Protein chains: 2
Amino acid sequence: MTEPKDYKIAAVDRALALLEALADRPDQGVTSLAKSLGMTKSLVFRLLHTLEERGFVSRDPERAEYALGYRIGVLGERLGKDGALLYAARPVMDALRDQTSENVNLVVREGLKTYVLATRAGRHSIRLFAQAGRNGPLHAGGGSLLLLAYADPSVIDAALSQPLEAFTPYTITDRAKLRQALERIRANGYNIVLNDLDEGAFSVAAPITGADGTIIASISVAGAVARFDEERRESHLKAALDAAAEISERLSIHGPGENGRVKSRA
Amino acid sequence: MTEPKDYKIAAVDRALALLEALADRPDQGVTSLAKSLGMTKSLVFRLLHTLEERGFVSRDPERAEYALGYRIGVLGERLGKDGALLYAARPVMDALRDQTSENVNLVVREGLKTYVLATRAGRHSIRLFAQAGRNGPLHAGGGSLLLLAYADPSVIDAALSQPLEAFTPYTITDRAKLRQALERIRANGYNIVLNDLDEGAFSVAAPITGADGTIIASISVAGAVARFDEERRESHLKAALDAAAEISERLSIHGPGENGRVKSRA
DNA sequence: CCTCGATGTTTTATTGTGTGAAACATCGTT
DNA sequence: AACGATGTTTCACACAATAAAACATCGAGG
């Protein structure tokens, strides 16, 4: 450990910790916050005062309890749900790509389509299977099927009531079989497919959980089936699941644990 | 001015200013931020560093440019759109109530219904016309009609294709007349109705604009028609429009101007 | 009704820390 | 190759953040 230069400015860091604490449990008073954060009351008081002036926290005037303020919402809106996901996923995707040397895709659902939010190109393949910003079907592709599996039943019904295009001979177009596949995905907690969207491609997908506990995205490792053997199947799966867990952790209200820090590139 | 004791912590305040600046214009570098905020580079650098460690800003590693980080999105999600609106509106609603002595309602649209987010009870009326959390129709009531007027055309069509209940003899149920009324609301930029939802009640409603520039809510002054004369009509209208502007300003990405501060209760 | 305890608010002194200036590094550009 | 602009790091000092403790305010309970 090279004792990596602490440029943190303590006052700011404390203020941010305070915000996190309020997000975690709103409607706390000065004393309660001070206790749980190990700060003095006067410090907490002044931090809150500063944050309040800018609308980052708001005080219930009657009960002298604080909560996150509207400005957080305004700034958050600017970022958008996708933004939070994207930013949280970025370094994790980099790491996953480095680990697997394969393509990495971050996919979300929008209505009855899927949407590739971001990709990382693997080392091997010349051609990327997915491209950022690309729309895709819900019933084919590792990440897409996974998202469908965890979608609201009404969404599943709607998706299955549409015509199911066969992108390859391996695409599942039989509705009963598709439901079975979804069932198995939910049972496993991941999804591995071969050739169903792009012929010659495999995809190992894991679910990402948002702050509210629902599954909001999938991250997947994808590449050419030629390179896909039993050993890689295991390692890719573990890597994808770990990456998904890491991103989910970052998106959780409690934030990334002390452990979860992604090591920056040397 | 009583020179109100500055409890602000400068470092924290600067950090927040930095966040605002990044929200305002993302993808800025250290120098640009330093210049526009009148801080030194080193300070900005360290503030950014601190914010980055907690995920409140994120850096594009290649281009060394910063933007809001995922953590803002996570916390913002916690608050929700309604939360931001509610917290931003609270003090303004208090002030509006004090000015007008009438009921004040904050209404948003949800699908083809409206929803009362918050109310302030006026001095006069014993009975509150609206109650927080209450659903209402889209085609009657000062705030509701206003929201309908500014809604997407598809929403208007959908709303008009439903049966239009007559809550009082004054409720507009004729679709052509309703469309005319909506037209007039858009032309005026406000809406004043009498008796159309509750008999004996007037409502003066003004539109609130969200961070993205669309109209997301209405704030209205409402009371008994008996107390509604030409003079009050003018003063209530101006008060409502001012209040709406104030809230909109707070919700804008640029934030409340120096002027916009709501004076706290003595 | 008064006292007690708990909470939020204000003051104050001291130290530590946030700060600016300036040196340094690292780019891309002409 | 030299320049200019940008990001990074160092460093010394002043001032501002901090902890402790006093004060205010409120409610509960005897």
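A:Arg71 and B:Glu20 join their side chains in a salt bridge, with N and O 2.6 Å apart. Across the interface of chain B and chain A in this predicted model, the rule finds 7 salt bridges. DNA strand D has 21 protein residues around it.

**Interface of chain B and chain A**
- The count of residue pairs in polar contact between chain B and chain A is 12, both residues being at pLDDT 80 or more.
- On the side of chain B that touches chain A, the elements giving two or more residues are α1, α3, β2 (65-68), α4 (70-100) and α8 (230-251) of chain B.
- α4(B) gives the most to this side, with 15 residues.
- This side of chain B divides by class into 29 nonpolar, 9 polar and 16 charged residues.
- Contact involves 54 residues of chain B and 54 residues of chain A.
- About 5000 Å² is buried between the two chains, 64% of it on carbon and sulfur atoms.

**Surroundings of DNA strand D**
- The residues that come nearest to DNA strand D are A:Arg14, B:Ala10, B:Val30, B:Thr31 and B:Phe45.
- Of the atoms of DNA strand D that come within 4 Å of the protein, 72% belong to sugar and phosphate.
- By class, the surface near DNA strand D has 10 nonpolar, 5 polar and 6 charged residues.
- α3(B) provides the largest share of this surface, 4 residues.

**Polar approaches to DNA strand D**
- B:Ala11 places a backbone N or O atom 3.3 Å from a phosphate oxygen.
- For B:Lys41, a polar side-chain atom lies 3.1 Å from a base nitrogen.

Conventions:
Residues are numbered from 1 along each chain as its sequence is written. Chains are lettered from A and ligands numbered from 1 in the order in which they are written. This is a predicted model: local features need pLDDT of at least 70, side-chain atom pairs count only at pLDDT 80 or more; totals for chains, interfaces and linings use all residues. Side-chain values use heavy atoms; hydrogens and water are left out. A residue is near a molecule or strand if one of its heavy atoms lies within 4 Å of it. A polar contact is a pair of N or O atoms within 3.5 Å; within protein, one must be able to donate a hydrogen and the other to accept it, and residues adjacent in sequence count only if both atoms are side-chain atoms. Ala, Val, Leu, Ile, Met, Phe, Trp, Tyr, Cys and Pro count as nonpolar, Asp, Glu, Lys and Arg as charged, and the others, Gly among them, as polar. Contact means heavy atoms within 4.5 Å. Buried area is the accessible area (1.4 Å probe) that two parts lose on being put together, summed over both. A salt bridge is a side-chain nitrogen of Lys or Arg within 4 Å of a carboxyl oxygen of Asp or Glu.
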